[in-house]
Amino acid sequence: MTETEIKRDRPWLIRTYAGHSTAKASNALYRNNLAKGQTGLSVAFDLPTQTGYDSDHILARGEVGKVGVPVCHLGDMRTLFDQIPLEQMNTSMTINATAPWLLSLYIAVAEEQGADVSKLQGTVQNDLIKEYLSRGTYICPPKPSLKMIGDVAEYCYKNVPKWNPMNVCSYHLQEAGATPEQELAFALATAIAVLDELKPRVAAEDFPALCGRISFFVNAGIRFVTEMCKMRAFVDLWDEILQTRYGVEDPKFRRFRYGVQVNSLGLTEQQPENNVYRILIEMLAVTLSKKARARAVQLPAWNEALGLPRPWDQQWSMRMQQILAYETDLLEYDDLFEGNPAVDRKVEALKEGARAELANIEAMNGAIGSIEYMKGRLVDSNADRLNRIERNETIVVGVNKWTEGEASPLVGEDGGIMVVDPAVEQEQVARLNEWRETRDAAAVEAALAALRAASQAGENVMPASIACAKAGVTTGEWAAQMRTVHGEYRGPTGVSKSVSNKTEGLEDIREMVDAVSDKLGRRLRFLVGKPGLDGHSNGAEQIAFRARDCGMEIDYEGIRLTPEQIIEAAKDGAHVIGLSILSGSHIPLVEDVMARMRAEGLTHIPVTVGGIIPDEDAERLRAMGVARVYTPKDFELNSIMRDIVTLADPKSVAAE
């Protein structure tokens, strides 16, 4: 058979997770990437959009356009997809708490373009349970959030049948430290909770097809054989659950359909050029096995541990996918691992572990009833992972072994990243104000009243949300109705305040804590705060977890605090404050905290800051009065603990 006669599988969708600054700038980026051969869009929204705030809300300060694109209303969504025919596009939107709203805006824009809405293809992530466990962009409590997931799925099934209304996201579970067994079990438990919510909503004969629209979004880590086996285990377990629990007989509807982003957690700030190899190896885990091959792949850029990738960095990751899909012969072969005894053994072991964890969750009334349990397990697993790196049991090249090397030529004068212009925020706010002034205020009020009434009555919120989108309602106004009807929610932190017995290897630090506590006249109190909307809490949790193990009194209330709330907590006797900000908004947020501390006479309390912080920004933070700045390269938590004890020591303060 000649090369031209060989039947090749169709490649996966090639995506780049992208969006920044403004809808206009992101639209230009999308059209540029599509011209370079990208075959689907993957939209990154900024944190205010994800958490249901308009760009001028107090919590949005410093966050607008940083980790994604701000979308406040129909005009922003219209600009975002200008000259991109949505009827022909496959669009993934990484959105959860505000998923019904962003999908409503998308549908409204598609209708403006003249698209047949029934032909729209794409996905809204719409997974709130993983938000409580790992990412933190939730709004409402679990039960009404699950109901809204069901609303989107039911609406899409009836009106947008090619759309995936829910993307069970295990990606952030691995980022939060999940073992492969936990990632399998927690994701499948989430899917079960959603299917249980959906089953009564549709006719029995329609339910299997609705099951077939549920997709997954997973993480592929560096242990690529284990990760490939994990994907085969996902395929088997999903098939098993749909057949035995839900009686889905058609194998087409039991197919495990998933997209993937490879592991950003494992990307290193040290020797960042090594990340190119990590990304490639991780991609192989989700493409080599035909049985468990991803339907869509998006790769991070080599420099994501440093900051926001530039267009060239994203292009490089896209080319990696294209070379594998089009230059190699991978897509010409059947599954390469079928019948491999080593693979079969590993897959069975992962399935056995996942089934045991699923049984635990089932005994706690499923995913909704076991959120606190799952969160605690993730924090414990992440602590174990970090301990192994600190003890050199897990080797990370350039981090804890082979740390000497040449400076990377890829990090040029711009620092190797793109920096969002601070002026973007004020420009976005100005456009938002103009939008509010020119819309029909009476139509907006009527649409919001109808939305509130539908939500209070337990009706599907999608029709009323689409009407709101067309009337000119903003993201913050839509979410405010959900907050009014259902209330807000603070998820568990996973960090117990009780006395710890995890003291192995910490004896010397515990003695230091005891000695300084004696000088202070009471137990050393460490306040860990996360100002702004950044929901990536893994670092803050691990710092609080280790500080507690070292014998400190911990004050950690979780994510999404205003600077004002942090200052109020500091008045309660904090000896050291630690701020964690990973969204890139550290300058304005720390500036605000430090100004409030001066106003309240709290400048005697040392402040430390952790995040993805360029050297130039670290100097600015120190000039503001910050005592210590930590970045991902500061992975030795015990060194940070010693710094905290030293900062709290009255003798050290007097010496300074």
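## A tour of the cavities, pocket and cores

The largest cavity has a volume of about 140 Å³. A cavity here is a set of points on a 1 Å grid over the protein atoms alone where a 1.4 Å probe fits but cannot get out, and its volume is the space filled by probe spheres set on the points, with points joined across faces, edges and corners. Before you click around: this is a predicted model, so local features need pLDDT of at least 70 and side-chain atom pairs count only at pLDDT 80 or more, while totals for chains, interfaces and linings use all residues. Residues are numbered from 1 along each chain as its sequence is written, and side-chain values use heavy atoms, leaving out hydrogens and water.

**Stop 1: the largest cavity.** Select R15, T123, N167, G259 and A296, which lie nearest its centre among 17 lining residues (those with an atom within 4 Å of a point). Now colour β4 (90–94), β8 (215–220), β9 (258–262) and β10 (296–298), the elements that give two or more residues to this lining. Strands are DSSP E runs of at least two residues and helices are H or I runs of at least four, numbered from the N terminus. By class, the lining has six nonpolar, eight polar and three charged residues. Nonpolar covers Ala, Val, Leu, Ile, Met, Phe, Trp, Tyr, Cys and Pro; charged covers Asp, Glu, Lys and Arg; the others, Gly among them, are polar.

**Stop 2: the second largest cavity.** Pick Y138, K375, P492, S537 and I559, the closest to its centre of the 19 residues that line it. Then show α5 (residues 129–135), the helix that gives the most to this lining, with five residues. The lining here splits into six nonpolar, seven polar and six charged residues.

**Stop 3: a pocket.** Select R10, R255, R257, A294 and R295, nearest the centre of the second largest pocket, which has 29 lining residues. A pocket is an open set of points with protein on both sides within 12 Å along at least five of seven lines. This one has a volume of about 940 Å³, and its lining counts 14 nonpolar, five polar and ten charged residues.

**Stop 4: the cores.** Show M77, M93 and L120, which have the most contacts inside the largest nonpolar core, a set of 142 residues. Such a core joins buried Ala, Val, Leu, Ile, Met, Phe, Trp, Tyr and Cys residues through side-chain atoms within 4.5 Å; buried means under 20% relative accessible area, with a 1.4 Å probe and protein chains only. Helix α8 (residues 180–198) brings the largest share of this core, twelve residues. For a second, separate core of 29 residues, jump to V379, I509, A540 and M552, which are among its members.

Stop 5: Which phi does S21 have? Near 65 degrees, a positive value in a residue other than glycine. S21 sits in the loop between β2 (17–18) and α1 (23–35), and counts as buried because its relative accessibility is 9%. Next, go to R560, in the loop between β12 (553–556) and α22 (563–570). R560 is not a glycine, yet has a positive phi of about 60 degrees; at 10% relative accessibility, R560 counts as buried.

**Last stop: α25.** Select residues 637–648: this twelve-residue helix reaches 17 Å from its first C-alpha to its last, close to the 16 Å expected at 1.5 Å a residue. That expected span is 1.5 Å times one less than the number of residues. Buried residues in α25 include L637, I640, M641 and I644.

Methods. Buried means under 20% relative accessible area, exposed over 50%, partly exposed in between (1.4 Å probe, protein chains only).
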